Amino acid sequence: DSLSQKYILNSMNQYSQALSLSQKHVFQALPRLLTLWFEFTAIDTTDQISNNQDQANQSMVEFVKAIPAIAYYSVLPQLISRIGHPDPDTVTIVTAILKRVLLKFPAQAMWHLAWLRHSVHKDRRQKGDDIFKVAQKSLHR
């Protein structure tokens with residue numbers, strides 16, 4: 001119902017604000033934030049829930065900018081596993097987060113992301129190639 005959806009959106013907002021202020025509880029707060037987001041945007045849509053899912057994705061775009069890139073390093077496996085999420089907007093944001101982490105910490109993140117390039121799933125392999133191409137262009141400047 002709409003009240004539950006508002007609670008989810010409010011919880012996501014509170015977790016992101018906490019993470020933007022301090023990294024003290026990053027190992028608890030960031031996985032919870034991502035789980036709320038991934039599960040909420042994976043629900044089959046109606047008009048009302050679709051609007052709230054769009055709002056959740058828009059909020060995550062802002063949260064990604066506010067939360068330091070180093071924080072996402074702790075949840076790379078969770079992010080990589082959702083590269084095949086059913087919601088295309090969510091996948092776009094996850095890909096942007098992975099690109100950001102790879103650009104900031106190439107030596108460390110490369111090992112986590114390398115298996116995407118050799119995945120048996122064509123879609124995952126394509127997304128892995130895209131992530132590495134963007135990083136390669138940016139790092140060679």
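Good morning. In helix α6, the residues L98, V101, L102, L103 and K104 meet P106, A109, M110 and L113 of helix α7. Contact here means heavy atoms within 4.5 Å. By class, this contact of α6 with α7 has eight nonpolar residues, no polar residues and one charged residue. In this scheme Ala, Val, Leu, Ile, Met, Phe, Trp, Tyr, Cys and Pro count as nonpolar, Asp, Glu, Lys and Arg as charged, and the others, Gly among them, as polar.

Before I continue, a word on the source. This is a predicted model, in which local features need pLDDT of at least 70 and side-chain atom pairs count only at pLDDT 80 or more, while totals for chains, interfaces and linings use all residues. Residues are numbered from 1 along each chain as its sequence is written, and side-chain values use heavy atoms, with hydrogens and water left out.

Let us turn to the geometry of the helices. Helices (H or I, at least four residues) and strands (E, at least two) are DSSP runs, numbered from the N terminus. Axes are lines fitted to C-alpha atoms, for helices over the stretch in contact, and angles run from 0 to 180 degrees between N-to-C directions. The axes of α6 and α7, the latter covering residues 106-117, come within 6 Å and cross at roughly 135°. That angle makes α6 oblique to α7. For reference, angles under 35 degrees count as roughly parallel, over 145 as roughly antiparallel, 65 to 115 as roughly perpendicular, and the rest as oblique.

Next comes the pair α7 and α8. How do their axes cross? They come within 8 Å and cross at roughly 150°. The two helices, α7 and α8, are therefore roughly antiparallel. Their crossing is left-handed; a crossing is left-handed if the near helix is turned anticlockwise from the far one by less than a right angle, and right-handed if clockwise. On the α7 side, the contact involves P106, M110, L113, A114, W115, L116 and R117, which meet R124, R125, G128, D129, I131, F132 and L139 of α8. These residues of the contact of α7 with α8 divide into nine nonpolar, one polar and four charged.

The crossing of α6 and α8 is right-handed. From α6, the residues V91, T95, L98, K99, L102 and L103 make this contact, and from α8 the residues K127, D130, I131, F132, V134, A135, S138 and L139. The contact of α6 with α8 comprises nine nonpolar, two polar and three charged residues.

I now move to the charged pairs. A salt bridge is a side-chain nitrogen of Lys or Arg within 4 Å of a carboxyl oxygen of Asp or Glu. How many salt bridges does this rule give? The count comes to four, and I shall describe some of them.

D129 and R117 meet through their side chains in a salt bridge, at 3.0 Å from N to O. Since D129 lies in helix α8 and R117 in helix α7, the pair ties together parts that are 12 residues apart in sequence. R117 counts as partly exposed, at 37% relative accessibility. On this scale, buried means under 20% relative accessible area, exposed over 50%, and partly exposed in between (1.4 Å probe, protein chains only).

K127 and D123 are separated by about one helical turn, because they are four residues apart in helix α8. Is K127 buried or exposed? K127 is buried, with a relative accessible area of 17%, whereas D123 is partly exposed at 43%.

Another salt bridge joins E62 to K65, with the closest N and O atoms 3.9 Å apart. Both residues belong to helix α3, residues 47-66, and being three residues apart they are separated by about one helical turn. E62 is partly exposed at 46%, and K65 is exposed at 59%.

Finally, two further residues. Q58 also lies in helix α3 and is exposed, with a relative accessible area of 53%. D87 sits in the loop between α5 (76-81) and α6, and D87 is buried at 18%. Leaving aside residues up to four places away in sequence, D87 touches T41 and N57. Thank you for your attention.
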